[in-house]
Amino acid sequence: MDSDGNPQLEIVAQRWPDIEMMESQRILDALDQPLRARSIVSHSGRPTSAASLIRTDRGLVFIKRYSRTVRDVETIAPYHRYAEFLSHSGISTPRFLRFNPEASVSPTAMEELGNTDMLNVDPQLSVAQQLSVNPQTATVAITADAAYEAYMASTGEDRYGKALSWDPPKTLEEARNLGESVAKIDAASRDFDEPRMRPNGMSNTFGLFASDDIHASWKSWVARRPAVQRYIRLTNRDISHDLDIVQPYAGKVAAHYGQLHRQWTHGDPHTSNFLWTGNAPSTVIDFGLADRNTAVFDLAMAIERHAIQWVAVMDGHEDACRPDIAESIIRGYCSHRPLQDAEKLILPELLAICQAESGLNWLQYYMDGVHRLDDAAWCYDVCFLAHTRWFSTGPGRALLDSIRDCLSE
């Protein structure tokens, strides 16, 4: 994705090499039902992985590659199972393709790779490049350095494929329909009873700040994230002081959050993660930030992603927000899944800090994945601190008040 020279957009610049024809064919050969690559249709410009849309002899296939410093089978297979569960519940999602685990390689090579099932063994490839598949998680294939997934392209228009993370829908009707689609996903997710994934720098979770004692919560949270600890030490951040910024909101959320049902959520319900038909989403894609939260967290994320133009706000346009978009999303959501009283009480405060934990969590990705301190600083200074501070400004308070008014109707 082009940053157009704006340092605020440098955070979304592509970081990983594209998937080209030779690599894509090697992945397609490894499928249970191998496919033949015809051409590369497009490359994704997103920063956290490499992805390409491939024209094959049996249709379009989307291939994604993660560095194993970022994600591994244990943090990919769960969201594959989540998408499959939603598909069986009537939600249109990608169908992740299965790889073939039946192959063999010498014990020495298997030991070097650190896995026990090899496929697509090619003598011209180094052991580090050979693909490995566990039959229990066969929608993921790995090499020594990378993890792959593949799925047939879904139907629908990729209307917002080039949109930035905080671009709003083009119309209020689209915003309302988006809110209704998020509600349908959340309602269908209720019975997907899988635990939260192990801590990683990618999935989008909330819980650190659903606490009356955020300092005690922080100690427990960061103890499981050594990369975040390294960043705090390396940059001499005064995290004890900085945590106080979320306290006015966290206390109100904590008072009711414990009453809410825990379930999986998409985690990034932005317009660009849906395919569209007419004025409504028809398929939900990109489950890379999914994890176990509460349903209202997804609603807060949908509002945060679309009602606040953060790039403009951070460039000095403090009033770059859209209460009308927020209200349309809420009305669409509640038309399918009415909010409980506890959800109504915490939604404004949850919106104010729904990105604070994410900003801190993403430090792991930038420390262990791309090794870019400048990007990590953006996570801390902008996503965690500056975004949270904005909600105490006049426009920020006005947005929260308009949401409260909408919820009281």
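# Why do we call it that?

Guide: Let's start with helix α11: the cover over its buried residues includes α4 (172-189), α9 (295-307), α12 (341-353) and α16 (394-407). This is a predicted model, so local features need pLDDT of at least 70, side-chain atom pairs count only at pLDDT 80 or more, and totals for chains, interfaces and linings use all residues. Residues are numbered from 1 along each chain as its sequence is written, and side-chain values use heavy atoms, with hydrogens and water left out.

Visitor: How do you know what span to expect for α11?

Guide: Take 1.5 Å times one less than the number of residues. Helix α11, residues 323-336, has 14 residues, and the expected value is 20 Å. From first C-alpha to last, α11 reaches 21 Å, close to that.

Visitor: Which residues of α11 are buried?

Guide: Those are Ile325, Ala326, Ser328, Ile329, Ile330, Gly332 and Tyr333. The cut-offs use relative accessible area: buried is under 20%, exposed is over 50%, and partly exposed is in between (1.4 Å probe, protein chains only). An α-helix has 3.6 residues a turn, so residues three or four places apart point the same way. Across the chain's 409 residues, 58% count as buried.

Visitor: How do you know whether α11 and α16 are roughly parallel or roughly antiparallel?

Guide: Their axes come within 10 Å and cross at roughly 30°. That makes α11 roughly parallel to α16, because angles under 35 degrees count as roughly parallel, over 145 as roughly antiparallel, 65 to 115 as roughly perpendicular and the rest as oblique. The axes are lines fitted to C-alpha atoms, for helices over the stretch in contact, and angles run from 0 to 180 degrees between N-to-C directions. Here Pro323, Ala326, Glu327, Ile330 and Arg331 of α11 meet Leu399, Ser402, Ile403, Cys406 and Leu407 of α16, where contact means heavy atoms within 4.5 Å.

Visitor: How many residues in that contact of α11 with α16 are nonpolar?

Guide: Seven are nonpolar, one is polar and two are charged. Ala, Val, Leu, Ile, Met, Phe, Trp, Tyr, Cys and Pro count as nonpolar, Asp, Glu, Lys and Arg as charged, and the others, Gly among them, as polar.

Visitor: What angle do α4 and α9 pack at, and what do you call that?

Guide: The angle is about 155°, with the axes 9 Å apart. α4 and α9 are therefore roughly antiparallel to each other. Leu178, Val182 and Asp186 of α4 make the contact with Ala295, Asp298, Leu299, Ala302 and His306 of α9. By class, that contact has five nonpolar, one polar and two charged residues.

Visitor: And what about the axes of α5 and α6, at what angle do they cross?

Guide: Helix α5 (residues 214-223) and helix α6 (residues 226-235) have axes that come within 7 Å and cross at roughly 115°. That makes α5 roughly perpendicular to α6. Trp218, Trp221, Val222 and Ala223 of α5 touch Pro226, Val228, Gln229 and Ile232 of α6.

Visitor: Is Thr271 buried or exposed, and how do you know?

Guide: Thr271 has a relative accessible area of 0%, so Thr271 is buried. You'll find Thr271 in the loop between β9 (262-265) and β10 (274-277). Leaving aside neighbours within four places in sequence, Thr271 is in contact with Tyr160, Asp167, Pro169, Leu178, Trp276 and His306. Asp167 is 104 residues from Thr271 in sequence, but their C-alpha atoms are 8.3 Å apart.

Visitor: What does Asn134 count as?

Guide: Partly exposed, because its relative accessibility is 34%. Asn134 sits in the loop between β6 (131-132) and β7 (141-142).

Visitor: What is the phi of His371?

Guide: His371 has a positive phi of about 55°, although His371 is not a glycine. At 57% relative accessibility, His371 counts as exposed. The loop holding His371 runs between α14 (363-368) and α15 (373-390).

Definitions and conventions. Helices (H or I, at least four residues) and strands (E, at least two) are DSSP runs, numbered from the N terminus.
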